[in-house]
Amino acid sequence: MTLVGLLLIYLYDWMGAPSITFGRGDLPNVIKSAWYPRKCPPHGGELYMPETTIDVASIVKSGLDRCPIALGSKEGSDQLSIRASRQLYHSTVKFPCVNVKAGDCAMQLDMSRMSDVLSWDKGRKTITVQPSMEMDHLMDTMHELGMSMPSDYIPIFTGLTVGGMFLTGAHGSSTERPSAFGHAISRITYVDGRGEVREEDNPTRWIGTMGLLGIVTEIEIQGTEMYKLNTTVVKESDRRLPERIAMLVRELSFARVMWYPNARTAIVRWHTSVPPDTPGDAFHSFFEHRPWAAIGGKFSLAIDQINFTPLPTDWGICFFEQRPPPFWYKEGEIGHWKIFNQSIIGWPHRLGGSSCRGRLSGCYWQNQVQILIEFDMDVRYLGDWIREVRAITDLIPHQGCLPSLLGFAMRFGKGSDAPLDMAYGRDTVYIDMLVSKGLAGLPAHHQDILDEIEQITFCKYGARAHWGKNPQRAFLHPECPMKDKYPELENFLDTARQQDPRGIFVPPLFRKVMEESEYSYYPGCASSMDCYCRDDVHCGPSILYKCDKGRHSQAAKVCRKRFQRY
């Protein structure tokens, strides 16, 4: 590549593909994702910041009075659309966004101010909070009150909000029971589609419903007696990984696995509960103190993206993506680093997960373009999936490193009866895959490999997409519609229509899922992960990229560099 060529590519990235809908900018009525550079599209309505349940009910009723026409009617533009989320929401999907076609009848609720503790009962081990409280704060407060969060429901990243975890089906890991956080919720207060305040006990049917049944304003969580975790993290060969995972699922109540196929390794973590007086005060700092990796990663990943020569420059992915502090633990405030193959003991609210602990600038995803993909599938198919993914990634020379910081991060859960829970009706393995970029307007390095894995997982293995993660194309694939993967979906929609008869809470993307609409094609849509390519122009500059068949799966359509070295 010449210097002029590099400058042209940077200019292309800075300008963005012609129809990319995400970008920078600060508009007063727009909420933005914590995952740069995503945000909801601008709309003609207002942004509201309620502080109480009564505030939310008042906002909904005012909208119903002001905009009397049902969304989707042909009578005009006064079609009410209401969505509730918060600034810097932790999602890569557009489900939190209002329908821009509603014009000035679009009402976006920013729930950031609804983050307080409302009440607790030490005897029953329950605590009631508002939906924008983050899991870190919730679990710290529970600890101060003499109770703990069940370890099955603690996520890897604990900077998520309580309401967001509940309504997107976010989860922890368990081999003994369903692991969606919503199973820890014993009671909710919410505002329905008529603006009425209602309550519901044992609201597991709300898991994964994205607010389609109403706006949740108060959440009661069922805690447990205090305990500590005895955690072990082991780095080992992936040679017999399917058999290893089968043993973990059979013999342990908790397991997480991070698989790095090109490095031929897996990081396996498990824990058991021990009495609260057991010595040890370690905490998990996987996502903390990482700005150096984020900034350096952005630069090095950009170099990997724009390498169109036979030179094997995967150093950016290998060094910054696969060689972060793998699992750092601190003892108290001294900062003693722990290494693999040692047992660590600490409180579940500090050892069960990790976050940026208030230092958002240090979050790994804040300084580079990240697309987080999560799918779930029947755990019985995991062995076949591992073998097929290994066959795909083996196409990369040994120096290649995939898929990134998390590897393929695997967690588990028993089958659930919640109709929109990803684990509905089957024992499940949840798998995260993080796609990293230095340049937003170009395909990621090795995106052809990642696209092929994504497509076979959703279509061949019947995986369901996490409602709070994934690019929108995961929900709109014409060959394997998401609608067909939830057997109780129609019954759920009947319930939703009773609670929201005018459909004011239905996000535009969910309407597309129900209508089995295909994603839109535009120049660069596949590089932005809004579509799977059909033509070269969907991949970015056609002089550099082409749309091609997958190397392992001929049915997959992927973006590949024209001067690919493998």
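What follows is a short walk through the sheet, the helices on it, and the nonpolar cores.

This is a predicted model, with local features needing pLDDT of at least 70 and side-chain atom pairs counting only at pLDDT 80 or more, while totals for chains, interfaces and linings use all residues. Residues are numbered from 1 along each chain as its sequence is written, and side-chain values use heavy atoms, leaving out hydrogens and water.

Start with the sheet. It is open and antiparallel, with eight strands in the order β14-β9-β11-β10-β16-β17-β15-β18. Strands here are DSSP E runs of at least two residues, and helices are H or I runs of at least four; two strands pair if DSSP finds at least two bridges between them. At the edges, β14 (343–346) and β18 (464–465) each pair on one side only.

Inside the sheet, three bridges join β10 (256–260) to β16 (408–413). Val257 stands opposite Met410 of β16.

Helix α9 (382–393) packs on this sheet, touching β10, β15, β16 and β17; contact means heavy atoms within 4.5 Å. Its direction makes about 175° with that of β16, taking axes as lines fitted to C-alpha atoms, for helices over the stretch in contact, with N-to-C angles from 0 to 180 degrees.

Now the cores: buried Ala, Val, Leu, Ile, Met, Phe, Trp, Tyr and Cys residues joined through side-chain atoms within 4.5 Å, where buried is under 20% relative accessible area with a 1.4 Å probe, protein chains only. The largest has 112 residues, and Leu138, Phe181, Ile221, Trp385 and Met410 touch the most other members. Apart from that core lies another, of 20 residues, including Ile59 and Phe505.

Conventions. Buried means under 20% relative accessible area, exposed over 50%, partly exposed in between (1.4 Å probe, protein chains only).
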